[in-house]
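Hi everyone, thanks for making time. I'd like to walk you through one protein model today, so let me put it up on the screen.

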Amino acid sequence: MSASLTTTEGQVAFSAPNGGKPGITWYKIVGDLEKSSSPPLIALHGGPGAGHEYLTSLTDLVELRGIPVIYYDQAGCGRSTHYREKLGDDSFWTFDLFIAELDNLIDHLKLRQKGYHLLGQSWGGMLAGMYAARRPEGLSKLVISGGPANFPLFVECGRRQRAELPQEVREVLEQGDRDGKYDSPEYEKATAVFYAKHVCRIPMPAEVQQAFTNLQEDPTTYHTMQGPSEIVVTGNLKDWDGTEEAKKINVDTLLLNGRYDEVGDLCVEPWFRSIPKVKWVVLENASHMSHWEERERFMELVGTFVATY
């Protein structure tokens, strides 16, 4: 990141519904909200619980296009308030929680009149889609990158991709599924084979590695909503389908995924069918981390999309 870029860090009080304690949301703004003629782009990270760091390649948009980027750590991870005591609490870890947090941040930054764009990646794409479906004041454009529209279809994508792995890898994964032991060295090694094909196909940047570190340090949100890993889905999202809600999205929307993405075309296509004003681009040499794997192309697509009126 260029040393000349204006960077501001802060936190805003956030009372999570039924959180049982005071909370805060940590955020960082790269670029100048006051001087920029462009609405800022708010980045919604995945996981849930992965933290903002792995999205920081988006700072390219500040340098190349003058678009301010707002990062934040969602409730339960990073520098925002953690809720380890809420492990397994399906009534707490909901879309409504994260939508309330995003609303609170947008109001704190006084973006309703200036306007803003949303870019959600993975789980963040699901969240961004459901937020946009509520037609919030000030939302200008929406980008969903590697975000499934339907979780059962995401699970089916994973099943098909696992079937293409080498037999010895499949056998280790299947044994782990049978005995529920997902933390053995053998299982972790087999999972890494899947990740290298469908999550990040380049040497893993430190920022992406930080996402996995965040999930290891506090897996509360991830284990409750997703499950033990990207290929074992047992959490409260397992039956989620955003297809009908997506029909309410009334802003221009860009869908992105990688050709080898764990979020394959099968589970992106429902967004394309449901959102009225939508464009879909597949990045041919990428998997789930296309903002790193095809960084230049990704920034070109996003930058052009949000800058065009």
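Predicted model: local features only at pLDDT ≥ 70, side-chain atom pairs only at ≥ 80, totals over all residues.

Let's start with helix H3, residues 123-132. How many of its residues are buried? The count is 10 of 10, so H3 is mostly covered, with buried meaning under 20% relative accessible area. Among them are Trp-123, Met-126, Leu-127 and Tyr-131.

Now, the empty space. Rolling a probe the size of a water molecule over the atoms shows where empty space is left. Here we get 1 cavity of 30 Å³ or more, and about 80 Å³ of space lies in the largest cavity. It's lined by 14 residues, and the closest to its centre are Gly-47, Ser-122, Trp-123, Phe-151 and Gln-226. H3 comes back here: H3 and helix H4 (151-163) each supply at least two lining residues. What's the lining like, by residue type? We have 8 nonpolar, 4 polar and 2 charged residues.

Most residues other than glycine have a negative phi, and most peptide bonds are trans. Pro-48 sits in the loop between strand E3 (41-44) and helix H1 (60-65).

Then there are two non-glycines with a positive phi. Asn-18 is at about 60°, in the loop between strands E1 (7-13) and E2 (24-30). Is Asn-18 buried or exposed? Its relative accessibility is 65%, so it counts as exposed. Arg-135 has a phi of about 55°, and you'll find Arg-135 in the loop between H3 and strand E6 (139-145).

Technical notes. Residues numbered from 1 in each chain as written. Heavy atoms only, no water. Buried < 20%, exposed > 50% of the residue type's maximum accessible area, 1.4 Å probe, protein only. Helix = DSSP H or I, 4+ residues; strand = E, 2+ residues; numbered from the N terminus. 1 Å grid on protein atoms, 1.4 Å probe; cavity = no way out; pocket = protein on both sides within 12 Å on 5 of 7 lines; lining within 4 Å. Points joined across faces, edges and corners; volume = space filled by probe spheres on them. Nonpolar A, V, L, I, M, F, W, Y, C, P; charged D, E, K, R; others polar.
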